[in-house]
Amino acid sequence: MRIVACEVWGYTLPLINPLSLKGLSIHFRSGFLIKCIAESGGVGWGDIAPIPQFSSETWETIKEQVPEFTQNMIGVTIDKTTVSLERLLEPLSTMTLYPSVRFGLETAMCNLAAEEWATSVSSILSTRINDFVFINALLTGGMDTICESAEQAKHNGYKTLKVKVGQGALVDDIECINKVCDIANKDMTIRLDANQAWTLDEALTFSRTIQSDKVEYIEEPLKASEDLAVFMAESSLPVALDESLINRSNIEDWQGIKAVIIKPTLLGGILQALNLSNKARSLGIRSVISSTFESGVGICALVQLAAAIGDRVTSAGLDTYRWLKKDVLSMPIPFRGGCIKLDELEKSPPEIRCEELQDLTYD
Ligand code: OSB
Ligand code: MG
């Protein structure tokens, strides 16, 4: 099968609440949908969603590259019979692409191949797939909002709560986390994310003062990642890496780490994510597939990746989907009780609300 056309559509989706990204407040989420069309008539969609303050590329720089990468996709062929993921994505390996663009193109190819081979994307990614994916509830805002959301998430059946810390005073974080730990029942775990906000002293004070028995890990506690080894030696709080993984994949640096936060939109796609996850597994480190506020098309691919990588108990960080007030999908992804069932997700091809999108196809 040969790709004969590649369309690009711009989207801007309103958020339920303004999103604060390292001090920048955004009210809308913008990105691109890519549609690869095969000679057979089959289509595969992908999502390109660079995130302000985290991605090096922007909506504008990607738009400039649209003619180039859509032209390069035309003529790419997909074997008729099932082959490996590496073979499928091989034509992309020689293209120079921004991380978010590579994720979008790789997922479009996987979706197209799934249709051609009459299989699911998750089966293309792995031979061992879980039939459901747990999601952590992402809790943000002030202490009262976080506690209310924690109660709500517990009521809705979420097993894992993720709370942002390090944005205000340390004493407030300590009080807040202790409250959230009291709200969580014994079956629940808590993830913390400091987004590199603290000095070593602050992080150690925090870790010595909170009740930590329900804490699965803290993501990126330190401003200076060189101090992580000291923090891990002096604190009993398990550590996960997120920002430090971007542009660095030296596995020796991960000794003692509990988890890696894998964000394909930032790390550069599906193959990168699978490689990182395999490396992590060999070191006894868990992989947490996470989103960066992608549209439903991107989230769908991330659920499939999480089902392919996952160990059945580790929750994925995909709750960002709840921030979208509107989606590009006519049927929203069913996030029931902090869990997504793969058969519900993969039972029918996605229907895209093209009438709400802006056609940016180069011709
Ligand atoms: O700090 O982990 C982060 C989303 C976009 C940018 C940065 C981050 C996030 C998330 C993703 O928190 C949600 C999750 O991990 O649960
Ligand atoms: Mg993080």
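## The nonpolar core

The largest nonpolar core has 107 residues, and those that touch the most other members are Ile34, Leu161, Val260, Val303 and Leu305. Helix α11 (residues 296–309) supplies the largest share of this core, eleven residues. At least three core residues come from each of domain 1 (3–122 + 353–359) and domain 2 (132–346). The structure described here is a predicted model. In soluble globular proteins, nonpolar side chains tend to be buried together.

Residues up to four places away in sequence are not counted here; beyond them, Val260 touches Ala240, Leu241, Leu245, Leu276, Ala280, Ile285 and Ser287. Of these partners of Val260, Leu276 and Ala280 are buried residues of helix α10.

The domain assignment of the chain gives two parts: domain 1, made of 3–122 + 353–359, and domain 2, made of 132–346. Their C-alpha centres are 25 Å apart. Where the domains meet, 30 residues of domain 1 are in contact with 27 residues of domain 2.

On the domain 1 side of this contact, the elements that give two or more residues are β1 (3–21), β2 (24–38), β3 (43–48), α3 (99–116) and α4 (121–125). The residues on that side divide by class into 17 nonpolar, eight polar and five charged.

## Helix α10

Helix α10 covers residues 270–282.

The buried residues in α10 are Ile270, Leu271, Ala273, Leu274, Leu276, Ser277 and Ala280. After the helix comes Gly284, with a positive phi near 75°.

## Thr107 in helix α3

Thr107 is part of helix α3. Is Thr107 buried or exposed? Thr107 has 28 C-beta neighbours inside 10 Å; because a residue needs 20 or more to be called buried, Thr107 counts as buried.

Leaving aside neighbours within four places in sequence, Thr107 is in contact with Gly46, Asp47, Ile270 and Ala301. Ile270 in this list is one of the buried residues of α10. Thr107 and Ile48 are 59 residues apart along the chain, and their C-alpha atoms are separated by 9.7 Å.

## Two residues with positive phi

Most residues other than glycine have a negative phi. Ala118 has a positive phi, near 50°, and sits in the loop between α3 and α4. Ala118 counts as exposed because it has 7 C-beta neighbours inside 10 Å, and the limit for an exposed residue is 12 or fewer.

Arg312 also has a positive phi, in this case near 75°. Arg312 is placed in the loop between α11 and β12 (339–341). With 10 other C-beta atoms within 10 Å, Arg312 is exposed.

## Surroundings of ligand 1

Which residues are closest to ligand 1? Ligand 1 is surrounded by 15 residues, and the closest are Leu138, Lys162, Ser290, Thr292 and Gly317. By class, the shell around ligand 1 holds four nonpolar, seven polar and four charged residues.

Note on methods
Residues are numbered from 1 along each chain as its sequence is written. Chains are lettered from A and ligands numbered from 1 in the order in which they are written. This is a predicted model: local features need pLDDT of at least 70, side-chain atom pairs count only at pLDDT 80 or more; totals for chains, interfaces and linings use all residues. Helices (H or I, at least four residues) and strands (E, at least two) are DSSP runs, numbered from the N terminus. The expected span of a helix is 1.5 Å times one less than its number of residues. Domain bounds come from an automatic or database domain assignment. Two residues are in contact if their C-beta atoms, placed from the backbone, lie within 7 Å. Ala, Val, Leu, Ile, Met, Phe, Trp, Tyr, Cys and Pro count as nonpolar, Asp, Glu, Lys and Arg as charged, and the others, Gly among them, as polar. A nonpolar core is a set of buried Ala, Val, Leu, Ile, Met, Phe, Trp, Tyr and Cys residues joined through C-beta atoms within 7 Å. A residue is near a molecule or strand if its C-beta atom, placed from the backbone, lies within 6 Å of it.
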